[in-house]
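Hello,

Here is the structure I promised to pass on to you. Please have a look at it first, and then read my notes below.

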Amino acid sequence: MAARAGVSRATASRVVNDDPRVRESAREAVSSAIAELGYLPNRAARSLVVREPDSVAVLIHEPDQRIFADPFFSGMLRGVSSRLAGTPLQMVLLLGEPARDAARMERYLRAGHTDGVIVVSAHRGDGLVSVLTETRLPTVFVGRPLTEGPAFPYVDVDNREGGRIATRRLVERGCRRIATITGPTDMAAGIDRFEGWRDTLAGAGLPTDAVETGDFTSQGGAEAMRRLLAAHPDLDGVFVASDLMAAAAMAEIQATGRRVPEDVALVGFDASAASSLTRPPLTSVENPVSEMAVRATELLLRLLRGEEVEPEVLPTRLVEGGTA
């Protein structure tokens with residue numbers, strides 16, 4: 001690696017160990033060599049230079065406001081922590097906004113500070129996925145990754161079937177103008193839940209044009225609901241792809257004087273703590289967050305033992321509330 005970069009071994013070592021005293025030109029040359037060679041530092045050798053515990057990084061590449069507002073992420077961290085209890089591995093959080101923190105997160109991954117990675121909330125085109133491929137770090141995704149090239153193991157819920165379950169409830173209730181607020185279309189969860197909605201309406205002979213894209217945040221749900229109400233004032237049912245968005249959408253519906261569920265029925269997705277805070281409580285599709293986190297951690301532990309693993313998709317169900 002040092003020869004490829006045209007620097008001394010000592011300089012290459014300082015770059016790998018993230019020494020701030022290295023010239024930027026040398027740092028860039030070594031980083032390029034690391035990427036070309038797919039180099040991953042040997043942890044036993046590194047321990048002679050840097051004293052660090054064995055660890056598993058939980059990588060969440062999302063804006064801070066979403067990480068700390070969405071109960072999905074706290075449930076995920078609880079699940080990982082519970083499975084690591086009793087093992088010698090420490091959970092390390094690698095959090096950052098895509099535009100602001102990608103370079104810092106990439107340096108951390110390339111420097112070999114961690115034994116493996118659990119990726120939460122992956123988006124198509126996320127540059128950190130290529131880093132994980134190049135470094136060959138043992139990696140498990142929570143949620144089906146939309147990646148090209150080598151396949152990564154993952155744990156997910158059956159999002160498409162969840163979309164079908166939610167929409168079927170609205171159809172069986174007698175709704176005939178059923179809209180949806182999707183999740184982000186660069187995430188498998190957003191795509192699959194939308195396709196479940198579309199499958200069910202098409203099978204029932206109902207229109208599939210009342211669609212707005214959300215971002216899994218309260219603000220995104222509120223804005224999407226306002227657009228739907230303006231474009232489709234006759235809607236009588238809505239499937240919303242997350243509980244945070246659904247709670248905000250419900251407030252927008254009620255602000256127009258419409259009643260939930262009498263005038264507009266509503267089904268969310270997650271069955272999270274947010275579903276119990278609305279009045280009436282949300283009818284929602286279960287998203288077994290803690291179980292997915294435990295299963296993903298188990299897959300990673302098996303990878304670290306050198307075992308072969310396969311993706312896992314967990315079933316889901318409707319959790320009754322009062323909105324549909």
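This is a predicted model: local features need pLDDT of at least 70, side-chain atom pairs count only at pLDDT 80 or more; totals for chains, interfaces and linings use all residues.

**Helix ends and helix lengths**

**The chain as a whole**

You will find 13 helices and 12 strands in the chain. The chain has 324 residues, of which 53% count as buried. If you take the contacts with a separation of 6 or more, 70% of them are between residues 24 or more positions apart.

Which residues of α13 are buried? They are Val289, Met292, Ala293, Ala296, Thr297, Glu298, Leu299, Leu300 and Leu301. The cover over them includes the helix α6 (71-84) and the strands β1 (55-60), β3 (116-120), β4 (139-142), β5 (154-157) and β11 (312-314).

Leaving aside residues up to four places away in sequence, Leu301 touches Arg83, Leu84 and Leu89. Leu301 and Val140 are 161 residues apart in sequence, yet their C-alpha atoms are 9.8 Å apart in space.

**Two helix pairs**

Two packed helices are described by the angle between their axes and the distance between the axes.

The pair α6 and α13 comes first. Their axes come within 7 Å and cross at roughly 45 degrees, and the two helices are therefore oblique to each other. The crossing of α6 past α13 is right-handed. On the α6 side, the residues in contact are Phe72, Gly75, Met76, Gly79, Val80, Ser82, Arg83 and Leu84. They meet Val289, Ser290, Met292, Ala293, Val294, Thr297, Glu298 and Leu301 of α13. Sorted by type, the residues of this contact are 9 nonpolar, 5 polar and 2 charged.

The second pair is α7 (residues 98-110) and α8 (residues 127-135), whose axes come within 10 Å and cross at roughly 10 degrees. That angle makes α7 roughly parallel to α8, and their crossing is right-handed. Ala102, Met105, Glu106, Leu109 and Arg110 in α7 are in contact with Leu128, Val131, Leu132, Glu134 and Thr135 in α8. Here the division is 6 nonpolar, 1 polar and 3 charged.

**Some backbone details**

Most residues other than glycine have a negative phi, and most peptide bonds are trans. With that in mind, here are some places to look at.

Arg136 has a positive phi, near 60 degrees. You will find Arg136 in the loop between α8 and β4. Is Arg136 buried or exposed? Arg136 counts as exposed, because its relative accessibility is 59% and the cut-off is over 50%.

Phe216 also has a positive phi, near 70 degrees. Its place is in the loop between β7 (211-213) and α11 (218-231). Phe216 counts as buried, because its relative accessibility is 6%.

Where are there cis peptide bonds to look at? One joins Val260 and Pro261, with omega about 10 degrees. Pro261 lies in the loop between α12 (243-255) and β9 (265-270). Another joins Arg279 and Pro280, with omega about 0 degrees. Pro280 is found in the loop between β9 and β10 (283-286).

Enjoy exploring, and do write back with any questions.

Best wishes

Definitions and conventions: Residues are numbered from 1 along each chain as its sequence is written. Side-chain values use heavy atoms; hydrogens and water are left out. Axes are lines fitted to C-alpha atoms, for helices over the stretch in contact, and angles run from 0 to 180 degrees between N-to-C directions. Helices (H or I, at least four residues) and strands (E, at least two) are DSSP runs, numbered from the N terminus. Angles under 35 degrees count as roughly parallel, over 145 as roughly antiparallel, 65 to 115 as roughly perpendicular and the rest as oblique. A crossing is left-handed if the near helix is turned anticlockwise from the far one by less than a right angle, and right-handed if clockwise. Contact means heavy atoms within 4.5 Å. Ala, Val, Leu, Ile, Met, Phe, Trp, Tyr, Cys and Pro count as nonpolar, Asp, Glu, Lys and Arg as charged, and the others, Gly among them, as polar. Buried means under 20% relative accessible area, exposed over 50%, partly exposed in between (1.4 Å probe, protein chains only).
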